[in-house]
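Subject: Structure handover

Hello,

Here is the structure I said I would pass on. My notes on it follow below.

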Amino acid sequence: MYNTPKTSRISIFWISCLFLLLLTSIFHLQIFKGDEYAAISEKNFVRLKTILPMRGEIFDRRYRPIALNKPSFSLYIIPGQIKDRKKVSKFIDDYFRSSQVEIDEIISNSKFRMFQEILLIQNIPYEKVVFLSEHINDFPSLTCKSESIRNYIYNNHFVGYVGRISEDEYENLKKTGYSINSIIGKTGLEKFYESLLVGKSGYDILQVDSSGRNLQFFKHNLHKDPVDGADIILTIDNELQNFINTILPEDKNCAVVVCDTRTGGILAYVSKPEFDPNLFAAGLSMEEWNNLINDPRNPMLDRIIHGTYPPGSTYKPIVATLGLEDSLITPTEKLSECTGGLQIGDRFFKCWHEEGHGRLEIINAIKYSCDVFFYDLSTRIELDRMKEFTCQNRLTVKTGIDLIGERDGFFPDLKWYKESFGKYAGIIGPKVNLAIGQGEILCTPLQLCCYFAAIANDGLWKQPHLMNRTIEETCSKEFIPWEENLPVSEKNIKLLQNALLKAVNERYGTGSAARLNNITIYGKTGSAENHMGEETHAWFAGYAVWEEPEIAFTVFLENAGHGGSVAAPLASRIVFFYDKMKRK
Amino acid sequence: MFHYLKRLDWFLFILMLLLLLGGVLAIYSASTTKIGSEFHRVDYYYKQIIWIAIALLLFLGVMRIQYSIIDLLVVPSYILSLLLLVVVLFMPEIKGSHRWISLGLFNIQPSELAKLTTIMFIARVISKPGITDWRILVRTFIIVFIPASLILLEPDLGSAMTFVVIFLVMLASSDLPNYFLIIMLSPIITVITSFISPVVFILYMIILTAILYRTHLSWIIIGINTACNTFIFFITPYIWYGLKTYQRNRILSFIDPSRDPLGAGYQIIQSKIAIGSGKLLGKGFLLGSQKNLNFLPEHHTDFIFSVIGEELGFIGCLLTLILFYLFLYRIAKSITFLKRKELHFISVGILAILTFQIFVNIGMNLGLVPTTGIPLPFISYGGSSLIINVFSVSLILKFLNERSIFD
């Protein structure tokens, strides 16, 4: 019952009881068992030891290796146990490439992790390991451990590389089980499929004192095995990849992508010049890094999805189908005569063929790649409609490939011209240029490859992808690409296919250098003018048909000349090699 | 202007200041790591000082304004805290639960506010003249149930438990006859006996009936109570084994943390090692080696007592306990002076949660009770809990100051 003195008495009674309990417990811990706990605390008997999982390995479609793990030695430092910082830094400085500044930085970055091992140097050569083990007793703060690092079988841009986790990444990921020494995918597939590849750490809890007596703080679960990361099988074919690498000219920047039209899987993905991802896996020195990023040919740039270029004449099929779809032109209609150019307003637009093509209907305009035809056609098309249709054909938009940082490319619209060049900017000139894939339009080699694969599939566009499936302990996941239909009717697709066939297989077709006797190649050349150099970018995009369409490809060479003479022959060699592989 | 300071309970006030000051020192040490001969520091202590300054301004404010204003705000602030508890569920997850509302510069924890507003609202309800026993019971239950279940959704079991304590203590101190509490608590013991043996259960039922008989309850109510308990006794095993394995494990880990060596169990072991290794005199201020090893991620908040125990030893722990004890004792004694029921109940509620939080937090550091994420009042780092605790004590100080007006 409500009674203040009584409530007060009861409260004091309970409070006293609880505090007595706490006091007894503290007394028990600190006075009775104090020495025992002090001993435990000095030796750190109770320690959590994580067991690292093996990172998943990456293979090509025939289970040939692309990225593997290999054993290596690493040097760790425990900053809290450093006795003489100068001596330690000098030792490391003398025998390893790490500099004093770097070590100081590592130590000051690890404020709250003073008694955790922090990775200093990876991939130490064996002779140095021997040397180190002789001297390690002088430096209690250093430990040498054997673990595994990544080994990439060949240079490429798609697989990416791994590296030590950065401070920012660690802050974001520490709750999901990453430690400050974790190795994490930084780019490419290694980053995209990080969650599959990484696996799950196991642990051991050590609770044994110096005489080997088990302290028995815990009853259960003292050991848990790590779960290794999933292996990944790619759609890449190492043999084809290797062949393409050998036939590309060393002195040119180029990008070649080959995909399977039936699945959207990428068979070859070559961007040149390339870099050695093993440099990153082993820990890159400042000098190597500077060399890479200051190289004028920019080997770090993945030209297939990060490089955007004007597509040149390979873009003409889009304009042609747009004309047909919107009934701006009939298949048999001939447009203005090509006399080596066309006068539009006060400007004369030149055709690449100075002698002129005469009057052409749509199929031959594609076959001969006549610029004048498309200049004339462009006058009937609204600019924003051209942009819309281009995007619907999935050019100048991301393809959604399973890689990091793919770029959209660019297609200008009315708004953009007004913002860039003022209200009264003329758009006739730029639009005429855009119709032949010149000017502001930029797309990636991969987008073109996917577009031509879709033409081969009668208009069914498939998401390009590198992963075929995963191999895990209990299951295997397959990559399922999404599909969509291009906004082109079957009739018009057939017409376009016919034009692409003629461009390669008939006399005077622009792509005739790609022609093979036993395999039917469909394709379109492109020679895109650009600000970067004198020579045009050479393009050849198309697909090859055996009983059915099987592969689509884009061959792109920066500032290498004409698509018909430079890129087309390379494409035919690739198809020929693929045919040889097929027969084997 | 400061006339109210003359009659202030300086003893209580200074005890609170000492605890706050000790807290700043403890946080300063907890956020300092010694490497070789250098110290590295995170600025938690600095933020805590700012929070204390804000809290003391709030104290002055409480002392100055009329109580009628606070009185007016009881129901609106209860509703506000419920709203905040709903809002917090839509906040991004921090460490696996939705406990904080992020306001950019700092985070607020609505459950802290809800504790105080719930106490004040219950006090209002149970001090109404002429209210029947059943109404007290039902209304109090509803007032506690809503915030407690919202907090369970976050999920924050520790704070939800605090509401159970509020509920029980405030009912026990109210006009409600004691057998209500006995009847309400009896199923909990029944659940425990159902895991032991039917013999224990039958013995328990006999004792319960005897106790209830002495309170002159009608046989019908005693009969219903016995029937309900028997039903619970038989249904418990079915519910328990109907749970999924991981759900059972979670409950078992809560009762016995050493089942989960990587989670709470690991923290408790490390905390015990830290405190135990402090021995009589401790390792010295800033010099705790276990703290430096950073085994405990929360040592500036929930596990701050382990830092005190390690660095200042038994003497430091004893001093902390004495400060807390005197502080609580003073409040408990003061209750006698509060003749107005509502103020009395508010003070009892505040006393209860402060005691509960102190006991559970220190007990958790010592491995006596499961880890629940309840901070140590006045000592642990954290703005919300600090502000609410100082505000609560300010209320009690105000009641004591102005008791002649209220009577």
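Which residue forms a salt bridge with A:E250, and how far apart are the closest N and O atoms? The partner is A:K272, and the closest N and O atoms are 2.9 Å apart. A:E250 sits in the loop between α9 (238-247) and β11 (254-260) of chain A, while A:K272 belongs to strand β12 (residues 266-272) of chain A, so the pair ties together parts that are 22 residues apart in sequence. Over all chains, the structure holds 36 salt bridges. Please keep in mind that this is a predicted model.

Chain A

The domain assignment divides chain A into domain 1 (48-234) and domain 2 (238-583). Taken over C-alpha atoms, the centres of domain 1 of chain A and domain 2 of chain A are separated by 43 Å. In the contact between them, 31 residues of domain 1 of chain A meet 38 residues of domain 2 of chain A. The two domains of chain A bury about 3100 Å² between them, with 59% of it on carbon and sulfur atoms. A:N155, A:H157 and A:Y161 supply 23% of the area that domain 1 of chain A buries against domain 2 of chain A, more than any other three residues.

As for polar interactions, the count between domain 1 and domain 2 of chain A is 1 salt bridge, alongside 12 residue pairs in polar contact (both at pLDDT 80 or more). On the side of domain 1 of chain A that touches domain 2 of chain A, at least two residues each come from β3 (65-77), β4 (118-124), β5 (142-152), α7 (188-192) and β10 (231-234) of chain A. By class, the residues of that side divide into 16 nonpolar, 8 polar and 7 charged. In chain A there is also a salt bridge between A:E239 and A:R64, with the closest N and O atoms 3.2 Å apart.

Chain B

Chain B contains 16 helices and 4 strands. A compact globule of 407 residues would have a radius of gyration near 22 Å, and the 23 Å of chain B agrees with this. Along the principal axes, the C-alpha atoms of chain B fill a box of roughly 75 × 55 × 45 Å.

The assignment for chain B gives domain 1 (1-64 + 265-407), domain 2 (74-177) and domain 3 (183-255). The centres of domain 1 of chain B and domain 2 of chain B, taken over C-alpha atoms, lie 22 Å apart. Their contact takes 23 residues from domain 1 of chain B and 27 residues from domain 2 of chain B. The area buried between these two domains of chain B is about 2100 Å², and carbon and sulfur atoms give 71% of it.

Across this interface of chain B there is 1 salt bridge, and the count of residue pairs in polar contact (both at pLDDT 80 or more) is 2. The elements giving two or more residues to the side of domain 1 of chain B that touches domain 2 of chain B are α14 (341-365) and α15 (383-401) of chain B. The largest share of that side, 11 residues, comes from α14(B). Its residues comprise 13 nonpolar, 7 polar and 3 charged. In chain B, the side chains of B:E342 and B:R124 meet in a salt bridge at 3.4 Å, N to O.

Regards

Conventions. Residues numbered from 1 in each chain as written. Chains lettered and ligands numbered in written order. Predicted model: local features only at pLDDT ≥ 70, side-chain atom pairs only at ≥ 80, totals over all residues. Heavy atoms only, no water. Domains from an automatic or database assignment. Contact = heavy atoms within 4.5 Å. Buried area = accessible area lost by both parts, 1.4 Å probe. Salt bridge = Lys/Arg side-chain N within 4 Å of Asp/Glu carboxyl O. Polar contact = N/O pair within 3.5 Å; in protein donor to acceptor, adjacent residues only side chain to side chain. Nonpolar A, V, L, I, M, F, W, Y, C, P; charged D, E, K, R; others polar. Rg over C-alpha atoms; globule rule 2.2 N^0.38 Å.
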